[in-house]
Amino acid sequence: MASASYHISNLLEKMTSSDKDFRFMATNDLMTELQKDSIKLDDDSERKVVKMILKLLEDKNGEVQNLAVKWQGGLLVNFHPSILTCLLPQLTSPRLAVRKRTIIALGHLVMSCGNMVFVDLIEHLLTELSKNDSMSTTRTYIQCIAAISRQAGHRIGEYLEKIIPLVVKFCNVDDDELREYCIQAFESFVRRCPKEVYPHVSTIINICLKYLTYDPNYNYDDEDEDENAMDADGGDDDDQGSDDEYSDDDDMSWKVRRAAAKCLDAVVSTRHEMLPEFYKTVSPALIARFKEREENVKADVFHAYLSLLKQTRPVQSWLCDPDAMEQGETPLTMLQSQVPNIVKALHKQMKEKSVKTRQCCFNMLTELVNVLPGALTQHVPVLVPGIIFSLNDKSSSSNLKIDALSCLYVILCNHSPQVFHPHVQALVPPVVACVGDPFYKITSEALLVTQQLVKVIRPLDQPSSFDATPYIKDLFTCTIKRLKAADIDQEVKERAISCMGQIICSLGDSLGTDLPSTLQIFLERLKNEITRLTTVKAMTLIAGSPLKIDLRPILGEGVPILASFLRKNQRALKLGTLSALDILIKNYSDSLTAAMIDAVLDELPPLISESDMHVSQMAISFLTTLAKVYPSSLSKISGSILNELIGLVRSPLLQGGALSAMLEFFQALVVTGTNNLGYMDLLRMLTGPVYSQSTALTHKQSYYSIAKCVAALTRACPKEGPAVVGQFIQDVKNSRSTDSIRLLALLSLGEVGHHIDLSGQIELKSVILEAFSSPSEEVKSAASYALGSISVGNLPEYLPFVLQEITSQPKRQYLLLHSLKEIISSASVMGLKPYVENIWALLLKHCECAEEGTRNVVAECLGKLTLIDPETLLPRLKGYLASGSSYARSSVVTAVKFTISDHPQPIDPLLKNCIAAHNKPSLIRDLLDTVLPHLYNETKVRKELIREVEMGPFKHTVDDGLDIRKAAFECMYTLLDSCLDRLDIFEFLNHVEDGLKDHYDIKMLTFLMLVRLSTLCPSAVLQRLDRLVEPLRATCTTKVKANSVKQEFEKQDELKRSAMRAVAALLTIPEAEKSPLMSEFQSQISSNPELAAIFESIQKDSSSTNLESMDTS
């Protein structure tokens, strides 16, 4: 024994050595020594050892430090059993404070202790509870279980089957404190063990509903009658607030009610799938308890109802889905039917003395209107007095006023103006008073409300008989006072500008002499860097007003200032200014001088570029407006602006809105007849480079854009059409033409023919068909596009021709089918109806074609054709799923894919049974129970699909099942976004866990899923944390063989980064780092410089972007 202590003191001495290797070795030896059972330290040595370890935690050398960290964990882990044996007897201590501390200590212990210790603890608690010696210890044990569940919910889950019946039993014992602890235990189970508690949720809800109304010492019934009698007398005397005479010091029942309300809150927040059930049982019960006499309990009842409303909110996208609405009983319709009861219950509360209660009422109304816009239409007369009461109440705090104002704002925004007209007289004075309030936050909210009130008093978008004149002066005066003040809060400045903008826009014709002076203030605000953006938006509003406000006093100085904003670096300012200038030109062209417009035109060239398509689009729209209302100014644009525009047409990035704007501009421009900008001039500019071959266009998209511009010009000048079309036909025929000339000519013919009937051109068909045999792939596909597009211009002439060619020309089938696809995609439904049968019959012949490319085009045609007449064609399409040919079956499945689009279509209800989750989740939600097992089945690695390929001396394994697994995981990712509440998340996690050990592509997908899951359902992920950490850790510690190719290293790097992102996301879950495996992994990361660097950069990124999503389109 003595030698052991000598040995240890020797090691301790070495641990202070200046040589880091000595320190490391000594620490390591000491660890080994202390692991032996034979050594028992006396108190003194133990103190020395612990002191030494703590000192080494701050050692300069990283390795020594790590060892000390490991040690400390190890040191305590060995003591865990003995800590437990010390703590358990303390749970029965006569002193309550000791018991409380013991519970806290046990809570910390269960986070990190080993499994054996945990089992011992739970077994002990269960035995003691079954004995039930005394009430006082039973209370403590229940509290202890609740604490363990809060700290380590993921571990206690498996014991719930035994625990819950005991807790339910104790709820029936007549002891309020015990009941409170039991219900608190339920709350922690619901929040922390969602899966295991599932079978017991209805029991828990029933217990909570029973105890929510548990108030044995107080009788509510008489009060209701009294109140009704009082209301009848018209006396609005405020006596319900004084409940002091009932207050009973020994009455603990309020704690039980509070626990029940909090537990219901937990159930509502975590069990999304039971919403319809909650609206049947929980909602009416909570509404009935708004009258609760204890303020704290009342706040929790309100909070639980708020949670219910919030749960109803995020799923609106599919609730608006017509199928769901037909079923009648959606959460929204059930909520709608309960609105009158909610309002009735809140009406009494809104005149309470208590500030907290009134704040709860406002939060509730705000959330209600956000979930169900327009819900309060019938109830505004009842609610307005309550809101005004809080705005006028001298004693009310500023927060209450802010809540009342923001609630009023939301109600004003979400209901139609007529609803408020009877109440304007009552609403204006208190709101005006709040605008003058010294506290800036109140002023700022009140200005928002004023802005909305102005829209209500005089709605410009609908006829209204309401007379606004009596209120204009008050609203104007309070706003102008805030608008003129220079020394106020930034937010108030901005809102005063917006509010005044709305006043001038809606009531400017009644302001008389005040108008020019107010506009001068706007001019001042325009010159100030801080307020300029808000002012530009207000000016846009005023310039667009149907009242035609006279802006001449400020245009002379204002337009050049606006022009100067176009060269500022602030993107929002550029966009705002362009829309302001656009509307000014539309409505005030007679007041603008040529000099003002030139100032703007000088600033435009740099804005038209492919680097920012949105700004370019706005600039082009402005030019289009200019061409329509002020054509004389256009001679100025022939230089740099036009060069930029033509450059943009050639950009491969031009598409969508910017392309449409460009086409409109060319049409507006060519009609003005400006010198040097006529039809032929513009045509030459557009097509010049292709013909001169001076600059080769690198991208195919450029040809499409040029062709669309040519067609736009030709539509605007129909007289020029025939000659140009003739020229294009010659270009295609001419053997000396280059491929790019042919390409452009064919595309232009297609675009022109789409809108203008070209059947008068005799040679057209033969010329296009000849182009089908061109050696250039680009020219071939352009020819097939052209044929399809021209056919749309005259279906009776061209469609039968295309169908006949498909039958008679097997070599050109693929190209001709592409033409047919173009026809089906672009032609009108009515035009196509007569031909549907013929096209269908033809397509079916080709859906068994051996060539995959042809089958895909056929499938797309079938799918798009089905949209024309879904009633008859979809059943037919499904009939072919029984076809003997696998090619035919695959074509049908692909065809169904093309019937699903982003927009609502008449086919949706019919698609219900064969459908996808990405664009139309509503179609698949109810079928998930049957579909999911098949989907999960496809995520498994199938041995029979893995084969070995010999490549010379090497063997290479190929997994043919990889693609379908990848598709299955992508599908799972999509379901997370659209159908989360219908998934069994634990079953889902099992498959995610398998994916973490799969191939590179699938790992990447599952890492992304973990990131989503950490935010969507943290508690479920926490329960599985230990099983998820292992594969992540394996990925991060894999080493690539030294002689591997560069791609292997890059792949591994990508994987590590992605895995680290998942780790960072998991760590955002509170309590995640308490898991022993996770904390060990964290220390492993921090001790490895390479991993630590990656992890740090990811944490930086995530704090700046805060979102990572995956594009599965």
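Reader: How many disulfides does the count come to?
Author: Counting pairs of cysteine sulfur atoms within 2.5 Å as disulfides, the total is zero. This is a predicted model, in which local features need pLDDT of at least 70 and side-chain atom pairs count only at pLDDT 80 or more, while totals for chains, interfaces and linings use all residues. Residues are numbered from 1 along each chain as its sequence is written, and side-chain values use heavy atoms, with hydrogens and water left out.

Reader: Is Cys434 buried or exposed?
Author: Cys434 is buried, because its relative accessible area is 2% (buried is under 20%, exposed over 50%, partly exposed in between, with a 1.4 Å probe and protein chains only).

Reader: And what does Cys413 count as?
Author: Cys413 has a relative accessibility of 34%, so it counts as partly exposed.

Reader: Changing topic, how many helices and strands are there?
Author: The chain has 57 helices and two strands, taken as DSSP runs numbered from the N terminus (helices H or I, at least four residues; strands E, at least two).

Reader: What share of the residues is buried?
Author: Of the chain's 1113 residues, 51% are buried.

Reader: Which residues of helix 51 meet helix 52?
Author: Ile985, Phe988, Leu989, Val992 and Gly995 of helix 51 do, and their partners in helix 52 include Ile1002, Thr1006 and Leu1013; contact means heavy atoms within 4.5 Å.

Reader: How far apart are contacts in sequence?
Author: Among the chain's contacts between residues at least 6 apart in sequence, 72% join residues at least 24 apart.
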